[in-house]
Amino acid sequence: MKCPRCQNEYSDNARFCADCGIPLTPHPKKEAKAGKVIVGILKTLCYIFLMVGIQNLVSTVFLTTAVLSDSSLIIEGFDYEILVGRLEKILYENISIILLVANLLIILFLSLFFTLRKKNPFDEVMLRPVKWRVLPFCALYGIALNVFVSVTLTFLPLPTELFEALDSQYADLMGNTNILIEILNTAVITGLIEEIIFRGLAISRLKRGMSRGFAIAVSAVIFGLFHGAFLAVCYATVLGVVFGLLTERYDSIVPSVICHMFFNLTSFFLDIENGFVIMAVYFASAAILVLFSYLLFKRDSEEITE
């Protein structure tokens, strides 16, 4: 930048001109950009808190209803520890239904929120149409990702406690409900909700104050931290980068939603004990990842994008 009086060049951090001594105004663009970064991060956190808040609200309403409808839970002289234990059991047995209802309410809330503000909900969350030929590749990519990540984790010389914490976390999220409800919630609705929040809303807001690469990285880290257990945080962060790249590549969350859904869905069926089969599937998944990474990210392939 130049000094407004003597027109000499000065650094963006300079407070006074070295030649004429007049005070220099800080770079307005940098101030504006910093403000956009802060606003983008705050908006991202607000949408995440909204998601968590609605999920907690639905859980609270469900448990309150269970207590009021079962007089044995509130009889005089009840034991607090017994009550907490029974409520935890009720929550565990119905967690998939609770999360399913909460996630549907999140979708409804966001739709109404953007509609009332006279904005297109689909554009706001980047839920834009893409060429249908992309979708099978994204589905297979999600399956290969799950296989590769799952098998790779078993090869790592990590403490048993880390794997136990991971298994315990996901066991709690599954509950004892109908398998179809679990698949609908975990694979379909959760995949959609998380892509709406962490990619559609987060990346689009973060990009207003930072580069695409940083926006993808920041959203991926937040996505990873949202997953709790250490191992889940690690691989979810990597997945967040992949899903973010897919979103930016196609300017839509549809590819990442499909990839995410099939990643989650594979967890229900990936139960292989034969060592030879595991290794065969593992190397096949690695080959698919390499090939499809090239097709989906590196190449404007007519057969995929046209």
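Trainee: Let's start here: in which hand, left or right, does α7 pass α8?

Mentor: Keep in mind that this is a predicted model. The crossing of α7 past α8 is right-handed.

Trainee: What else do I need in order to describe a packed pair?

Mentor: Two packed helices are described by the angle between their axes and the distance between the axes. Here α7 (residues 179-206) packs with α8 (residues 212-225) at an angle of about 145°, and their axes are 9 Å apart.

Trainee: Which residues of α7 and α8 meet?

Mentor: From α7 you have E194, F198, R199, A202, I203 and L206, and they meet A215, I216, V218, S219, I222 and F223 of α8. Sorted by class, that contact holds nine nonpolar residues, one polar and two charged.

Trainee: Where is the kink in α7 centred?

Mentor: Look at T190: the kink is centred there and comes to about 35°. Also, 23 of the 28 residues of α7 are buried, so the helix is largely enclosed by the rest of the structure.

Trainee: Now for another pair. At what angle do α5 and α10 pack?

Mentor: About 40°, with 7 Å between the axes of α5 (residues 134-155) and α10 (residues 254-266). That angle is why α5 counts as oblique to α10. This crossing is right-handed.

Trainee: What is the make-up of the contact of α5 with α10?

Mentor: It has 14 nonpolar residues, three polar and no charged. Among those that meet are L135, Y141 and L145 in α5, and I258, F262 and F263 in α10.

Definitions and conventions:
Residues numbered from 1 in each chain as written. Predicted model: local features only at pLDDT ≥ 70, side-chain atom pairs only at ≥ 80, totals over all residues. Heavy atoms only, no water. Axes fitted to C-alpha atoms, helices over the stretch in contact; angles between N-to-C directions. Helix = DSSP H or I, 4+ residues; strand = E, 2+ residues; numbered from the N terminus. Parallel < 35°, antiparallel > 145°, perpendicular 65-115°, else oblique. Left-handed = near helix turned anticlockwise from the far one by under 90°. Contact = heavy atoms within 4.5 Å. Nonpolar A, V, L, I, M, F, W, Y, C, P; charged D, E, K, R; others polar. Bend = angle between axes of the 7 residues up to and from the residue. Buried < 20%, exposed > 50% of the residue type's maximum accessible area, 1.4 Å probe, protein only.
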